[in-house]
Structures are given as structure tokens and as C-alpha cells.
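The sequence and structure come first.

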Amino acid sequence: MSKGREGPAAGGAAAVLLRYLREQNRPYSAQDVFGNLQREHGLGKAAVVKALEQLAQQGRIREKVYGKQKVYFADQEQLPAASDAELRGLDGEITALSAQLQALQQGCRQMEAELRELSGSMTTPEMAREVEELRKDCAGYVDKLERIKSATNHVTPEEKEKVCSEQRLYCKEWRKRKRMATELLDAILEGYPKSKKQFFEEVGIETDEDHNVTLPAAV
């Protein structure tokens, strides 16, 4: 059976994978390599797995086992050593990329904060409905105010003061009489053989408390 549709022969697949791992210089699983190269080189997964295992057995790449998964990466000793200039260039690139990453992360945090704020805000249709409801409420209050202004049964300040003055007078008298009655009853109860409740029932006395009446606070 022809293997033309499965991509290059085993030696060609190994060469492609070896070059790819050295260029990328990072660990990959067989599935990762297959997914990254399948479209471009037409490699089958079985061919990828077989070629990676052969390269590892030959010592041309390194293999590490993590649980049930194997990862493959270029043998660092077989790669050319970088010069001081290249290392300085890489250090500069790392510094620049780190600064770029930090700026991007800061931008992401700002956009996330804006997104949270916008998510908690009303939408334009919701705001339009809110404005319409407020306008209706405002119109209702304006109409109510106009009715109040046009009413003829207003209480004048003088009339209001007279009512308040009378209330203060009556409350004062109420307190005075209640105090006198309490003192009188206490004097009677000192020599009464029964309880205060029994005395009130026999005499027929009803208190403010019996009718849930509260004396207004002094003003």
C-alpha cells in the first residue's frame, strides 16, 4: 500500500521533527507536535510518535516522562552555544517583553474594572424607561402642588399657633391631673388590704394604659 498520503518517509519525518524541536527549543508532547505540523507537512500521528521515539533512542533529542505523558525537547548540549553578544541581546529582549507584558496586564486590569462598572450600570433602554418614570412622577407632584396652592382651606400661621398652644395647655393639665390622681391612689393603696388591680376593678378606675393612650411628649 502506498504511504504517499501519510507524509514523508520515517527518515524525512524525523528530520522535520528534529529541526522543529531545535528551532522552537521548548518541550512538546507527541500530540502537540502532531497538531502543529500535521497541516503543513501532512504527518500522521503514528509517524510522529514513532519518529520522536526513534530520535530519543538515538540521543538526538531528550525525552521526559510525566505520569502517563511523555514530552520531547531538543538536547541542549547539541545546540550551538550563544555568544556574549547574543546573550545580551536575549536579555534585552526579555526585559522589553517583560515590560510589554506588564503594560498589557495593567491594561487588562483597567479594562476588567471598566467592564465590571459597566456591567453594574443600567443599559440605555433601562435608563430611558427610568427617565420616563421620573418624568411621570414629576408631573404628578407638580399637579399635586398646584392643587394644594389653589385650595381655599389653608390654615393660617396664627390659627396653627393657636391650636399648638391649646394642645400644650391641655397636655400640661393632663399631666398635672394624672400626677395628682396617682398620688391620691397611692395614698389610698397604702392602707388597702388587696392589690392595686383589685382596687381599680372594685372602684371602676380605667387608666390611660388600659386604652393604649400615650401622653404626648412635652414640647
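## Asp75

The side chain of Asp75 reaches the backbone nitrogen of Glu77 at 3.1 Å, a polar contact being a pair of N or O atoms within 3.5 Å, where within protein one must be able to donate a hydrogen and the other to accept it, and residues adjacent in sequence count only if both atoms are side-chain atoms. The model is predicted: local features need pLDDT of at least 70, side-chain atom pairs count only at pLDDT 80 or more, and totals for chains, interfaces and linings use all residues. Residues are numbered from 1 along each chain as its sequence is written, and side-chain values use heavy atoms, with hydrogens and water left out.

Asp75 lies in the loop between β3 (69-74) and α4 (84-119). Its relative accessibility is 10%, so Asp75 counts as buried (under 20% relative accessible area, 1.4 Å probe, protein chains only). Leaving aside residues up to four places away in sequence, Asp75 touches Gly59, Arg60, Ile61 and Arg62 (heavy atoms within 4.5 Å).

## Helices α2 and α3

Helix α2 (residues 30-41) packs against helix α3 (residues 45-57) at an angle of about 125°, with the axes 9 Å apart. On the α2 side the contact is made by Ala30, Gln31, Val33 and Phe34, and on the α3 side by Lys45, Val48, Val49 and Leu52.

## Helices α6 and α7

Helix α6 (residues 157-189) and helix α7 (residues 196-203) pack at about 110°, their axes 11 Å apart. The two are therefore roughly perpendicular (65 to 115 degrees). Leu185, Ile188 and Leu189 of α6 meet Lys196, Phe199 and Phe200 of α7.

Notes: Axes are lines fitted to C-alpha atoms, for helices over the stretch in contact, and angles run from 0 to 180 degrees between N-to-C directions. Helices (H or I, at least four residues) and strands (E, at least two) are DSSP runs, numbered from the N terminus. Buried means under 20% relative accessible area, exposed over 50%, partly exposed in between (1.4 Å probe, protein chains only). Angles under 35 degrees count as roughly parallel, over 145 as roughly antiparallel, 65 to 115 as roughly perpendicular and the rest as oblique.
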